[in-house]
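Colleague: I am new to this structure and would like to be taken through it. Could we look at it together?

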Amino acid sequence: MDNEALIKEKNKKYKELFVKILPFFILVVIGLTIGLSMIGNFYRVETGEEKVIYHLYDLIAGKDVGISLTLFYVINYLALPIISAILLFFNKYHKNFAFVSLFLLLFSAIVSIVSKDVFVSLLENKLGTSCSFDKIYFCGVIPTISYFVLSTCVLSFAINDVGFTTRDITESGVLIAAALGLNFIRLFPAPTGGSVNLQMLPLFLLAIRRGPLKGFIGCGIVYGLVSCLTDGWGFAYFPFDYLLGFGGASFLGFFTTRILPSDKDNYNFKGELYLAIGAIGATFIRFVGGTISSMIFYDLDVAAAMLYNVGYVFISGGLALAILMALYGPLLKINKRFPPQKL
């Protein structure tokens, strides 16, 4: 066996070892992160003339702000990371478990960035006085840093057997650019607020062609970040309106093999049915993200937030779906002529 073969064999063993130990490593790091956040000073907030120390335990117990923030911290700092680590143990059954794990960790990390602003807003409403951070303690940023680092580990884990080809990057770049351009073309205002455009059309195509993992990276992370920066609303809106909202388009990627079967090259009912199911699911995820964001940043109740988002989100998604269904036959022919890498 020559040196090149030996190096390949050694690299293969390292990859296998990495795949085996990563879920345990992530579970341990998450446990340490939660433990430190429980016993250390999480926030120090100045409320009028008083300076109050908050541990993660206090936030989970609902100190000063009640059940709404309790659920927020339980879900974001405990439930999502732990579920993410557990899902990695099931990756051997299907690689999409790693994709869901990546999404949950990344989402938790990004939400933790804006959590302090949400906390102060709710605290001010509860106490009826202005509040400010006198200092953000080290334990308050541990989860953010930890979950971002773990996200990169899970990403390398998830793409271990996938990889990005030149065609992947080129096609994704073209579709993301098209979505960004369509974002600036407002077709008409929606009846309940917001404006309708066709930015979801290229994102749906990206997810269908490239699958859930590459679709999420392209739609949620890359396009979501670029769109967030160009829209000018601020990074605080990124987790729900952009990462979750546009990342939800990757839901279509779970139906790729059924929407674009290799043995079909023309319109068929079954393929269009899965296309409709995937697009409706993706649109609903965007609707959920927008509703949550409206409740947090505009202080709307659930009904008002849903009413505002239901118009422009579902009309935009419906138009994108209608166009895709009309072009379904040509899309099958293109897919057969230029098949993507096996998903």
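**A walk through the model**

Modeller: Lysine 270 lies in helix α10; helices (H or I, at least four residues) and strands (E, at least two) are DSSP runs, numbered from the N terminus. This is a predicted model, in which local features need pLDDT of at least 70 and side-chain atom pairs count only at pLDDT 80 or more, while totals for chains, interfaces and linings use all residues. Residues are numbered from 1 along each chain as its sequence is written, and side-chain values use heavy atoms, with hydrogens and water left out.

Colleague: Is lysine 270 buried or exposed?

Modeller: Lysine 270 counts as exposed because its relative accessibility is 52%. Buried means under 20% relative accessible area, exposed over 50%, and partly exposed in between, with a 1.4 Å probe and protein chains only.

Colleague: How far apart are lysine 270 and isoleucine 259 in space?

Modeller: Their C-alpha atoms are 7.8 Å apart, and the two residues are 11 apart in sequence.

Colleague: Stepping back, how many helices and strands are there in the protein?

Modeller: The protein has 12 helices and five strands. Of its 343 residues, 48% are buried. Among contacts (heavy atoms within 4.5 Å) with a separation of 6 or more, 73% are between residues 24 or more positions apart.

Colleague: Back to α10, then. At what angle does α10 pack with α11?

Modeller: The angle between α10 and α11 is about 150 degrees, and their axes are 8 Å apart. Axes are lines fitted to C-alpha atoms, for helices over the stretch in contact, and angles run from 0 to 180 degrees between N-to-C directions. α10 is therefore roughly antiparallel to α11. Angles under 35 degrees count as roughly parallel, over 145 as roughly antiparallel, 65 to 115 as roughly perpendicular and the rest as oblique.

Colleague: Is the crossing of α10 and α11 left-handed or right-handed?

Modeller: The crossing of α10 and α11 is right-handed. A crossing is left-handed if the near helix is turned anticlockwise from the far one by less than a right angle, and right-handed if clockwise. By class, the contact of α10 with α11 has 18 nonpolar, seven polar and two charged residues. Here Ala, Val, Leu, Ile, Met, Phe, Trp, Tyr, Cys and Pro count as nonpolar, Asp, Glu, Lys and Arg as charged, and the others, Gly among them, as polar.

Colleague: What about α8 and α10: at what angle do they cross?

Modeller: Helix α8 (residues 238-247) and helix α10 (residues 269-297) cross at roughly 175 degrees, and their axes come within 7 Å. The two are therefore roughly antiparallel to each other. On the α8 side the contact includes Phe240 and Leu244, and on the α10 side it includes Ile285 and Ile292. The contact of α8 with α10 divides into six nonpolar, four polar and two charged residues.

Colleague: And how do α7 and α11 pack, at what angle?

Modeller: Helix α7 (residues 200-231) and helix α11 (residues 302-326) pack at about 55 degrees, with their axes 9 Å apart. α7 is therefore oblique to α11. Their crossing is right-handed. Met200, Leu201, Phe204, Leu205 and Ile208 of α7 meet Gly317, Ala320, Ile323 and Leu324 of α11. The residues of this contact are eight nonpolar, one polar and no charged.

Colleague: Changing topic, where is tyrosine 328, and is it buried or exposed?

Modeller: Tyrosine 328 lies in helix α12 (residues 328-337). Tyrosine 328 is buried because its relative accessible area is 0%.

Colleague: Which residues is tyrosine 328 in contact with?

Modeller: Leaving aside neighbours within four places in sequence, the contacts of tyrosine 328 include Arg258, Ile259, Asn266 and Gly271. Asparagine 266 is 62 residues from tyrosine 328 in sequence, with 7.6 Å between their C-alpha atoms.

Colleague: What does serine 108 touch?

Modeller: Serine 108, in helix α4 (residues 96-127), touches Asn76, Leu80, Pro81 and Tyr147, not counting residues up to four places away in sequence. Serine 108 is buried, since its relative accessible area is 0%.
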